[in-house]
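Please consult both while reading the points below.

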Amino acid sequence: MSSIQKRDAQTFRVMFRHEGKQKSVTFNSMPAAKKWKQLLDAVGYEESIDRLEGSNKPRLNLGEFLGSHIENLTGVTNGTRASYRGYITTHMVDLGALSLANLARVAVSKWINGLAAKGLSGKTIRNIHGFLSGALNEAVRQKLLAENPCQAMRMPTTSHRSTEMVFLTPDEFAELFGLI
C-alpha cells in the first residue's frame, strides 16, 4: 500500500515500498498524486511508473499476448481454444489491458482475489489461473518476461457441502424396477 504526504503548499509525495525499499514520487498537485497512487496500488510499481513516464515504445499487453498464445497452442481442440478465449473476455478484461513486460505479482494476486470476490469457485479460479500461468511460462521462454508472476501463488478454496450418499435397499430397488 502507498500513502500521500504533503511536502509543501504545492507538492505532494506518493510514498511506497518496492523490492523492500522505501521510495517516493513527487507530484505538483493532489489530484495527480491520488491518481498515480490508485494506479500504483492497482497494478504495481513497474506498470505505474511506465505509464507515468508515458513511454512511447510499443507495448504488448497481456490480452494481446494471450490471444497469440492461444492461436499457437498445439495439441488442443477448438473447444479448448474457445474456452481459453472465454476466460480472457469474461475474467481477464482489466488484467489483459496491462503491459506484459511489466505484469507484476501484485496485479495477479489482486485479480485472483477479485475472482474470488465475484463468487467464482476455487476450482474455476484454479483453471483460469492455470491457463494464465501456462501462457506466462511461454512468455518467459520467449524472454518477454524475466519470471512468471503466477508461480507459487495460493489459490482460494471454496467449501463443498458434504451430503451423505443414500442408497436404495434391495427391497426398494426391486420395488422401483417392478421386480416384486
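At a relative accessibility of 5%, Phe 65 counts as buried, because buried means under 20% relative accessible area. The model described here is a predicted one.

- Phe 65 is placed in helix 3, which comprises residues 62–72.
- Apart from its neighbours within four places in sequence, Phe 65 is in contact with Leu 60, Leu 100, Ala 135, Glu 138, Ala 139, Gln 142 and Leu 144.
- Phe 65 and Ala 135 are separated by 70 residues in sequence, while their C-alpha atoms are 8.4 Å apart in space.

**Helix 7**

- Among the buried residues of helix 7 are Ala 135 and Ala 139, both of which are in contact with Phe 65.
- The list of buried residues in helix 7 also includes Gly 122, Ile 125, Ile 128, His 129, Phe 131, Leu 132, Ser 133 and Leu 136.
- These buried residues of helix 7 pack against helix 3, helix 4, helix 5 and helix 6.
- Helix 7 has 20 residues, which at 1.5 Å a residue should span 28 Å; its end C-alpha atoms are 28 Å apart, in agreement with that expectation.

**Helix 6**

- Helix 6 runs over residues 105–117, and its 13 residues should span 18 Å at 1.5 Å a residue; the distance of 18 Å between its end C-alpha atoms agrees.
- The buried residues of helix 6 are Ala 107, Val 108, Trp 111, Ile 112 and Leu 115.
- Viewed down the axis of helix 6, these buried residues fall within an arc of 135°, and therefore they line one face of the helix.
- On the other side of helix 6, Asn 113 and Ala 117 are exposed.
- The cover over the buried residues of helix 6 includes helix 1 (30–43), helix 4 (78–91), helix 5 (93–96) and helix 7 (122–141).
- Just after helix 6, Gly 119 adopts a positive phi of about 95°.

**Salt bridges**

- How many salt bridges does a search of the whole structure find? The search finds three.
- Lys 37 and Asp 41 form a salt bridge in which the closest N and O atoms are 2.9 Å apart. Both residues lie in helix 1, four residues apart, which is about one turn of the helix, and both are buried.
- Glu 71 and Arg 85 meet through their side chains in a salt bridge of 2.7 Å, N to O. This pair links distant parts of the chain, with Glu 71 in helix 3 and Arg 85 in helix 4, 14 residues apart. Glu 71 is partly exposed at 48% relative accessible area, and Arg 85 is also partly exposed, at 36%.
- Glu 138 forms a salt bridge with Arg 141, the closest N and O atoms being 2.9 Å apart. Both lie in helix 7, three residues apart. Glu 138 is partly exposed, with a relative accessible area of 21%, whereas Arg 141 is exposed, with 57%.

**Loop residues with positive phi**

- Lys 143 is exposed, with a relative accessible area of 73%.
- Ala 152 lies in the loop between helix 7 and helix 8. Its phi is near 55°, again a positive value in a residue other than glycine, and Ala 152 is exposed at 74% relative accessible area.

**Nonpolar surface patch**

- Leu 168, Phe 173, Leu 176, Phe 177 and Leu 179 make a nonpolar surface patch of about 570 Å².
- Phe 173 belongs to helix 8, residues 170–176, and counts as partly exposed at 41% relative accessibility.

Terms used: Residues numbered from 1 in each chain as written. Predicted model: local features only at pLDDT ≥ 70, side-chain atom pairs only at ≥ 80, totals over all residues. Heavy atoms only, no water. Patch = residues over 30% accessible without salt bridge, like charges linked within 9 Å, V, L, I, M, F, W, Y side chains within 5 Å. Areas by Shrake-Rupley, 256 points an atom, 1.4 Å probe, with all protein chains shown as cover. Salt bridge = Lys/Arg side-chain N within 4 Å of Asp/Glu carboxyl O. Helix = DSSP H or I, 4+ residues; strand = E, 2+ residues; numbered from the N terminus. Buried < 20%, exposed > 50% of the residue type's maximum accessible area, 1.4 Å probe, protein only. Expected span 1.5 Å × (residues − 1). Arc of directions from axis to C-beta. Contact = heavy atoms within 4.5 Å.
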